[in-house]
Amino acid sequence: MRHTSYCLLFALLSLLSFSGHAQTTWNGSIDSDWFNAGNWSSGVPAAGNDAIIPMGFITEINLTGDTDFLFKVDNSGMIFVKLNGHFLTFHDDVLIQNTGLISVENTGTGALVNLADWTNNGAVVVTPCAQFLAQNNSTVTGTGTFANHGIVYKIGSATVVITDGNGIVLTDLNQSPTPDAKCVPTLLVPLDANDQAVLSPSDVDDGSAAPYCAIQDYALSKTNFDCSDVGDNQVMLTVTDKLGNTGSCMTTVTIQDTVPPVITCPASLDIDLNPGECDRVVEFDFLISASDNCGSPALAQTDATGLSSGDAFPIGTTWLMFEASDGTNTDQCTFSVNINEFVPATSGLACHQQINISLGPDCEETLTPAHILSGEYGCFDDFVVTIDETGTNHIDDTFLGQLVTVRVKSLETGNTCWGLGLVEEKLPPQINNCDSVSIVCMQNPAPTIEGGDTPTPNFYDCSGIQLAYYVDEMTSGGCGETYQMMINRIWTFVDNHDNVSSCEQLITIERASLQNQSPQCPPDYSIECSLNSTPDFSPEVTGYPVFSFGGQDVPIKTNQASVCGLTASYSDEVLPKCGAAYRIIRTWLVADWCLPMDGMTNPWTCKQIIDLTDTTPPVVLTPGDLSISPDSDCKAFPILPPAQVSDCSDVTVVTLTPVGPIAGNGGPVPVPGLGIGTHEIIYKATDPCGNFTLDTILVTVEDDLEPYMICIQNTVVGLSNDGVAYSFPESFDNGSYDNCGPIDLVVRRMDAGCFADTSFQDFVRFCCDDIGQTVMVVVRGYDWFGHYSECMVEVQVQDKINPVIQCPPNLTIDCEQDFNDFDLTGEVVNNPNDQTPIDGIAFDNCDMADISFTTTEDINCGQGTVVRTWTATDMGGVEVSCNQIITIVNSSPYDGSGIIWPSDTSMVNCNALTNPAITGEPVVPAGNACSNIVVGHEDEVLQIVQGACLKVLRTWTVIDWCQYDPNVPNSPGRWSWTQTIKVIDDEPPVFESCDDLTFCNFKADCGPLGLDLSVNVTDACTGDDSIDLTWEVDENDDGSVDATGDGQHQGGLYAVGTHRITYHASDG
């Protein structure tokens, strides 16, 4: 077993006992296992059985599963908690007292979860990778140390006082610690001789760390590299701590290929030209190859010749350079292409005497040395050909049939020769697109140049076509044939030089048959109705049935039955719809005269739907906008003019007004009529198909009467706290109205007092200057149309706002202080500049207020309250008051110190005087103004006292009646002292009489008599009833004591004879 060593200093403390629970104490008599009952005095701790670990003892909590501690722990020793990936939970009713060491270790994802309150006066150590979870409201406090080398979660209001350590603290259970992954930014890695590279985490790691826990694993996203990875690669390093938390970083790993490719070029190429050649097309790309350790390198020609394989190379030597590249490394090779010109035997020239110059298809020709020279020569580019008649080597059909002179000159030697050339055009017209075609019987077999459907061959000749014609050979097919007719069309084209071309075009006219194919019904047709227009529903507009031939749709028209053997006809059924709309159901019938009429497939039928629709709303042209005046009730009842409405169907018009619809196109507006303002009048035209149009005009009803103004003739306005009043025109209005609606009111003063503007505004202003004055105000009312009228008001301005007073603050003073001193108690001022912190203030909205005060005292023993009533009075005599309460207290009440009490004393002689003038009185210091001190005493006289005839216990009492309340137990203000006064007695008691007594027995039998033998005894200092009296009886006086007793002897029975009784008296 391995433990982390810590140096700890412990103070010797007594174990804390938890009241209310049983306790078990660790003794470790067997091993260090917490869960071994033999290590505890009263078994393993559990709920209700609290744990105590004494100083000097070590125990291990080695978890094998999640565990809850429901008991209290008092640790003065060492507790090593090994979580092993599990959870140890201290619940919220647990109290942890620690003066020793608690160490938390972990190897997994578990945690020590604290819901309890810890008092840590020792040491708590959270080791790396361990987790201490402090839940909400839990605490770990104290004077000890808390070393966090792992992870501490502080949730909510949890309190953990951490003193040292390099661990981390998190506040959210959803948070996880993240290792700090650090990578080198870039890494250059070359491939080895086997084109491989292997990367390890240590190559990339740049000091990754997890201070709270050791990093357990390093992993790379890619470790093995080959040729396919040459270049930059993004590699991720992932570090994992022992808790499974991960962090990552990226490194750019550049893989290098250091092995260059190998390129192979051919040996130099030597090529001999033929006579007249000036260059030669050379192919050599198949002779160049390259290889590389990392695949196929890129080949590029790097010379500046501009010539590549397949180009024509000129005479001479051309050096070519090629490069192979694998993206990093390169290899080059070069070779030459040697073009050798033909060398003739002589430098002389020989020309043909006469040549034929045949013009090409474009009726032009360009002559070269090969046309005129006779024999073998070098490169023809070294010769110049010239036609005397054109001055160039070019000729066209303008010289047809003519002999021209052709000359050739060597540019190297200057030698020349010449010959004649006969210009000819021997090419016949060119013909294309004379292929066989198929058409259907409904198509026109005439060629397209005549408006038919059969293609016309393309023909061309540079001299022009003087004649083009064709001859048809026709063969008809019967019902048993697949064709309707075969036409062999022979075309002939003659150019302007009488050259002739011809071709044969086979035209097959295919039969239309219903045997294997059905026609397509023409699509449904729809057209919108139009006003004053009749629709055309003929098949030329709505469509015919069509047959599909060779990808073409050919209509079967009603007039083609004699050509195709098909008859097309139709019949219409007309169904009315809404308004002018209707539907035509057109039934088509197509019959094939070469097939039996079975009534099913022959004739073929279909139905085509043709609709005349009405979806267009009516066209509405409304009259112009209207402006009218209302009647006396501010209502208008205009007669609305009709709108112009057009539609292909009949139309219904409704006129919509704000006060109700009009069933018609315009007309009188219904009750209650239109009010003042602009109103929308909507004309709604609807046709029988539900289409409708809305159009709007505006009808404006305008009022031209002024409002009728009624004002309050006289009114009162009260000023506000700031001495100002603002009144709105509504305050002066007394029912003003307008015949057509509400009015807007404005107001103005007729004078410019109180800095007022005499223009009309939304309010008028009054101030203190107006008090007691009559202010004239004008109220103006506007209607909606800007018409206005006015009325006037007399305004009396009053100040109804009371003055405001704020008393000096309540305060408490000592009874020795003068409550009439305003420097001490403060006063009310009416100028803020004069106000001190202990002063009150009074003010009024219009002027400074007068200030006065009265005082009411409630004082006893110099203490109590003074109520000072401050009053502020404004100019109008309005008063407001407030109370200042001054509390007078005795801040230094008399405490009895300084009293000199009389001392104890003794006196001889029972008749000695014990009055205070002789025995002494207390000396009491004088009190303050808040005191009322009296002195008194009470005596308790003890008659029986050892060593004295009496003792006086004199209790002196000093009372401050300003403090003392006899009805309150232990009330302050009362002090007592007991003085002891002893009177010493040196005289014995005195029997007043002790004479012999004789009694006569008159009983018949002379039996015993009951006798009263009491005596009188006195003492100078002791009362008679306090004298201690005893007696002895000697019956018959024979010298023996027969009876004894205390007090007076009365009622004893005595026989006839002489008896002796002896009394003893003592004053104590």
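**Exercise 1. Backbone exceptions**

Asp1037 sits in the loop between β80 (1028-1034) and β81 (1043-1046); state its phi and its accessibility class.

*Solution.* The model is predicted, so local features need pLDDT of at least 70 and side-chain atom pairs count only at pLDDT 80 or more, while totals for chains, interfaces and linings use all residues. Residues are numbered from 1 along each chain as its sequence is written, and side-chain values use heavy atoms, with hydrogens and water left out.

Step 1. Strands are DSSP runs of E with at least two residues, helices are runs of H or I with at least four, and both are numbered from the N terminus.

Step 2. Asp1037 has a positive phi, near 55 degrees, and is not a glycine.

Step 3. Buried means under 20% relative accessible area, exposed over 50%, and partly exposed in between (1.4 Å probe, protein chains only). Because its relative accessibility is 32%, Asp1037 counts as partly exposed.

Step 4. Asn532, also not a glycine, has a positive phi of about 60 degrees. Asn532 is located in the loop between β45 (525-528) and α3 (539-542), and at 78% relative accessibility it counts as exposed.

Step 5. Most residues other than glycine have a negative phi, and most peptide bonds are trans. A cis peptide bond, with omega about 0 degrees, links Asn602 to Pro603; Pro603 belongs to the loop between β49 (582-592) and β50 (604-613). Val671 and Pro672 are also joined by a cis peptide bond, where omega is about 15 degrees. Pro672 is in the loop between β57 (667-668) and β58 (677-686).

**Exercise 2. The surroundings of Thr67**

Which backbone oxygen does the side chain of Thr67 reach, and is Thr67 buried or exposed?

*Solution.* Step 1. Thr67 is part of strand β4 (residues 67-69). At 17% relative accessibility, Thr67 counts as buried.

Step 1. The Thr67 side chain comes to 3.1 Å from the backbone oxygen of Gly65. A polar contact is a pair of N or O atoms within 3.5 Å; within protein, one must be able to donate a hydrogen and the other to accept it, and residues adjacent in sequence count only if both atoms are side-chain atoms.

Step 2. With neighbours within four places in sequence left aside, Thr67 is in contact (heavy atoms within 4.5 Å) with Phe87, Leu88 and Thr89.

**Exercise 3. Nonpolar cores**

Name the residues with the most contacts inside the largest nonpolar core.

*Solution.* Step 1. A nonpolar core is a set of buried Ala, Val, Leu, Ile, Met, Phe, Trp, Tyr and Cys residues joined through side-chain atoms within 4.5 Å.

Step 1. The largest such core has 31 residues, and those with the most contacts inside it are Trp34, Leu88, Phe90, Trp118 and Phe132. At least two residues of this core come from each of β2, β6 (78-82), β7 (87-90), β9 (101-105), β12 (123-126) and β13 (131-134).

Step 2. Another core, of 28 residues, lies apart from it; Ile151, Ile215, Leu243 and Cys249 are among its members.

**Exercise 4. Overall form**

How does the radius of gyration of the protein stand against the globule rule?

*Solution.* Step 1. The protein has six helices and 83 strands.

Step 1. The radius of gyration is taken over C-alpha atoms, and the globule rule is 2.2 Å times the number of residues to the power 0.38. For 1068 residues the rule gives 31 Å; the protein has 71 Å, well over that, so it is more spread out than a compact globule.

Step 2. The C-alpha trace spans about 225 × 110 × 85 Å along its principal axes. The C-alpha atoms of Gln806 and Thr264 are separated by 113 Å and lie 542 residues apart along the chain.

Step 3. Of the 1068 residues, 39% count as buried.
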